[in-house]
Amino acid sequence: MKNPKPTSAGTGNYLDDENFTETEVYEPVPEKADFGVYLDGDSMEPRFKNGQLIWIEKTETLESGDIGLFFYDGMTFFKKLLNKETGTFLISLNPKYKPIPVTDLSDFKIFGKLAF
């Protein structure tokens, strides 16, 4: 498994293809998982914890309500995607964090969705 720098479940982290190590994992890996990342932060609590290993299935599209890994203005986030009439937002599960609006001016990309 590639083990990159932790990805943010909070205020954002950098994620790149060069900053990783391969790690042997002693737990079941979801069949659809393409890679795993460790979380850094508490914005996805209570469901996802700081330091938790999460598995991502590579995909370029998500449905509203899906949880995924995103590139947003130079940073990487693990959030819930929400499409509304008023726009697209990255949503934290922890209510102390405000939604992040994705605009036409945002540098935005979907890396993938949470793999089960």
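Helices (H or I, at least four residues) and strands (E, at least two) are DSSP runs, numbered from the N terminus.

## Basis of the model

This is a predicted model, in which local features need pLDDT of at least 70 and side-chain atom pairs count only at pLDDT 80 or more, while totals for chains, interfaces and linings use all residues. Residues are numbered from 1 along each chain as its sequence is written, and side-chain values use heavy atoms, with hydrogens and water left out.

## Strand E9 and Pro101

Pro101 is located in strand E9, which covers residues 100-102. With a relative accessibility of 40%, Pro101 is classed as partly exposed; that class lies between buried (under 20% relative accessible area) and exposed (over 50%), using a 1.4 Å probe and protein chains only.

Leaving aside residues up to four places away in sequence, Pro101 is in contact with Tyr72, Thr88, Phe89 and Ser106, where contact means heavy atoms within 4.5 Å. Leu90 is 11 residues from Pro101 along the chain, and the C-alpha atoms of the two are separated by 6.5 Å.

Strand E5 spans residues 53-58, and five of its six residues are buried, so the strand is largely enclosed by the rest of the structure. Two strands count as paired if DSSP finds at least two bridges between them.

E5 pairs with strand E4 (residues 35-40) in the antiparallel sense, over four bridges. Within this pairing, Gly36 has Trp55 of E5 as its bridge partner. E5 is also joined to strand E10 (residues 108-114) by three bridges, again antiparallel. Here Lys58 stands opposite Gly112 of E10.

## Val37 in strand E4

Strand E4 also contains Val37. The relative accessibility of Val37 is 0%, so this residue counts as buried. Val37 and Phe78 are 41 residues apart in sequence, with a C-alpha to C-alpha distance of 9.7 Å.

Most residues other than glycine have a negative phi, and most peptide bonds are trans.

Pro46 belongs to the loop between E4 and E5.

Asp73 sits in the loop between strand E6 (67-72) and strand E7 (75-84). Its relative accessible area is 42%, so Asp73 is partly exposed.
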